[in-house]
Amino acid sequence: YCEFLEETPAGAAPLASRYLGKLQITGKKQHSADSFAAGGIVSTAGDLEKFMKALASGKLFPINGHATLQKMMTWIPAKRGTGWWYGLGLMRIDLEDQVGLLSRFWGAKPVGYVWGHEGFGGAFAWFWSSGEVERDLIITGTTNNEGRAYGDLVMTAVQQTRKLIPYPVSITS
């Protein structure tokens, strides 16, 4: 549901406390895009996983789903550094270009890329394309603060998954 436009549904879990740095903003009306187009939708990590599965499989869009996804994945360089790209409503991060400070913890260079998006409200949904069909992975989660480091989280999840799980899996956090 959209917390700014709709009543909380009966039986819905309470919202997590939300912060912008140290400022508590839970339930505060604000004039920003996150209230509508860029967010404002209350969901769980499980909801995000279902969304990403439907998007990645082409089933989210009932007509020409795979063709629509391919158009969304028309990447242009983003001004966030090497290996960052934007498409139509999606982001792509080439993992090989993101090792940086994490390189000393990795046994091998990261493989593939993640595509998806992160939200102002603290949610994220990424699909890891490893180049090995049996290793595709959906990584979703929610945080309650804008001072987060998704890159570290996603890179760690991908690396640990590569080491430990030799079969198809979806992990949500």
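Reader: What share of the residues of the chain count as buried?

Author: The model is predicted. Of its 173 residues, 34% count as buried. The cut-off is a relative accessible area under 20%.

Reader: What does the accessible surface of the chain come to, and how much belongs to carbon and sulfur atoms?

Author: About 10300 Å². Carbon and sulfur atoms hold 60% of that.

Reader: How many helices and strands are there, and what pattern do they follow along the sequence?

Author: Three helices and nine strands. Along the sequence the pattern reads β-β-α-α-β-β-β-β-β-β-α-β.

Reader: What makes strand β7 mostly covered?

Author: Strand β7 spans residues 123-129. Six of its seven residues are buried. Buried requires a relative accessible area under 20%, so those six fall below that cut-off.

Reader: How do you know that β6 and β7 pair?

Author: Two strands pair if there are at least two bridges between them. Strand β6, residues 113-118, is joined to β7 by six bridges. The two therefore count as paired. They run antiparallel. His117 stands opposite Ala125 in β7. Gly116 has Trp126 as its bridge partner in β7.

Reader: Which strand is joined to β7 by six bridges and covers residues 137-142?

Author: That is β8, and it runs antiparallel to β7. Phe124 has its bridge partner in β8, namely Gly141.

Reader: Why are β5 and β6 called a pair?

Author: Strand β5 covers residues 91-94. Four bridges link it to β6, in the antiparallel sense. The rule asks for at least two, so the pair qualifies. Met91 has Gly116 as its bridge partner in β6. Gly116 also has a partner in β7, Trp126.

Reader: Which residues of helix α2 are buried?

Author: Helix α2 runs over residues 65-72, and Gly65, Leu69 and Met72 are buried in it.

Reader: Why do you say that they line one face?

Author: Look down the axis of α2: the buried residues fall within an arc of 55°, so they line one face of the helix. An α-helix has 3.6 residues a turn, so residues three or four places apart point the same way.

Reader: How much of the contact between residues at least 6 apart in sequence joins residues at least 24 apart?

Author: 48% of those contacts.

Technical notes. Residues are numbered from 1 along each chain as its sequence is written. This is a predicted model: local features need pLDDT of at least 70, side-chain atom pairs count only at pLDDT 80 or more; totals for chains, interfaces and linings use all residues. Side-chain values use heavy atoms; hydrogens and water are left out. Buried means under 20% relative accessible area, exposed over 50%, partly exposed in between (1.4 Å probe, protein chains only). Contact means heavy atoms within 4.5 Å. Accessible areas come from the Shrake-Rupley method with a 1.4 Å probe; for residues, only the protein chains shown count as cover. The arc is that of the directions from the helix axis to the C-beta atoms.
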